[in-house]
Amino acid sequence: MEIIRSRRGLIIACCIFLLALIAGGENLPQNIKRNCSYTVTIQTTCTKGADTSDHVSLRFGDKKSNDMIVHHLNSKHVRQVDPLQPLVLDDIPRKPFQACLVDEFQVTGQCMESPICYLYLKLSGSDDWRPGFAQVEALEESGLSSKSFYFRRYLPRNVWHGSDLCSKEITPFGIRHKRKVFKKAPAAAETLMP
């Protein structure tokens with residue numbers, strides 16, 4: 001009889017504990033990752049042979065190690081805009097990365113927690129391509145958008161090339177930037193962003 005009472009007390013204590021956990025759990029932070037939308041603007045310079053039809057990949061992120069990779073950026077092309085005016089030239093799908101044009105792309109991926117401070121491009125193929133600048137605008141929160149990243153040179157092929165403005169240190173000899181080294185991620189981690 002005494003064993004039954006002690007088990008009954010244990011069961012009641014467990015039930016009360018579970019109810020308290022459920023009621024108090026409403027205020028716990030949820031670790032649900034949400035997606036954010038970005039508009040990527042890339043200008044191709046006017047130099048002869050600056051355009052490309054090869055695949056271009058994009059990688060950007062923030063100081064808090066939020067890293068977003070977009071393979072085949074060409075497939076995310078939205079429109080071309082006039083480089084001298086903010087007017088849209090057309091909404092007809094055209095081949096991106098043509099000389100003297102500015103292209104806009106829509107990408108979706110993980111949300112950044114601080115302003116975007118690094119951006120890299122990777123050219124895969126045999127063409128030469130000379131981008132002028134690239135910029136990423138966070139559509140949900142403009143304070144997280146990047147500044148312009150300037151290239152103005154032909155990109156090397158099959159390597160990430162760009163700028164990292166996240167880690168800089170002011171020394172008596174000038175500004176020192178820490179070099180960012182990307183490790184080869186498993187194939188599942190580098191999936192195509194929708």
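**View A. Arginine 152 in its loop.** At 52% relative accessibility, arginine 152 counts as exposed, where exposed means over 50% relative accessible area, buried under 20% and partly exposed in between, with a 1.4 Å probe and protein chains only. The residue sits in the loop between strand S9 (149-150) and strand S10 (161-164), strands being DSSP runs of E with at least two residues, numbered from the N terminus. Although arginine 152 is not a glycine, its phi is positive, at about 50°. This is a predicted model, in which local features need pLDDT of at least 70 and side-chain atom pairs count only at pLDDT 80 or more, while totals for chains, interfaces and linings use all residues. Residues are numbered from 1 along each chain as its sequence is written, and side-chain values use heavy atoms, with hydrogens and water left out.

**View B. Histidine 72 between strands S3 and S4.** Histidine 72 is placed in the loop between strand S3 (67-70) and strand S4 (77-81). Its phi is near 55°, a positive value in a residue other than glycine, and with 37% relative accessibility histidine 72 counts as partly exposed.

**View C. The disulfide of cysteine 36 and cysteine 111.** Taking a disulfide as a pair of cysteine sulfur atoms within 2.5 Å, the count comes to three disulfides. One of them joins cysteine 36 to cysteine 111, with an S to S distance of 1.8 Å. The pair links distant parts of the chain, 75 residues apart, with cysteine 36 in strand S1 (residues 35-44) and cysteine 111 in the loop between strand S6 (102-110) and strand S7 (116-124). The torsion about their S-S bond is about 95°, so the disulfide is right-handed; both cysteine 36 and cysteine 111 are buried.

**View D. The disulfide of cysteine 46 and cysteine 100.** Cysteine 46 is joined to cysteine 100 at 2.1 Å, S to S. Because cysteine 46 lies in the loop between S1 and strand S2 (55-62) and cysteine 100 in the loop between strand S5 (88-90) and S6, the pair ties together parts that are 54 residues apart in sequence. Cysteine 46, at 54% relative accessibility, counts as exposed, whereas cysteine 100, at 31%, counts as partly exposed.

**View E. The disulfide of cysteine 117 and cysteine 166.** Here the S to S distance between cysteine 117 and cysteine 166 is 1.7 Å, and the torsion of about 90° about the S-S bond makes the disulfide right-handed. Cysteine 117 counts as buried at 9% relative accessibility, as does cysteine 166 at 11%. With the bonded cysteines of the chain numbered in sequence order, the pairing reads 1-4, 2-3, 5-6.

Key. Helices (H or I, at least four residues) and strands (E, at least two) are DSSP runs, numbered from the N terminus.
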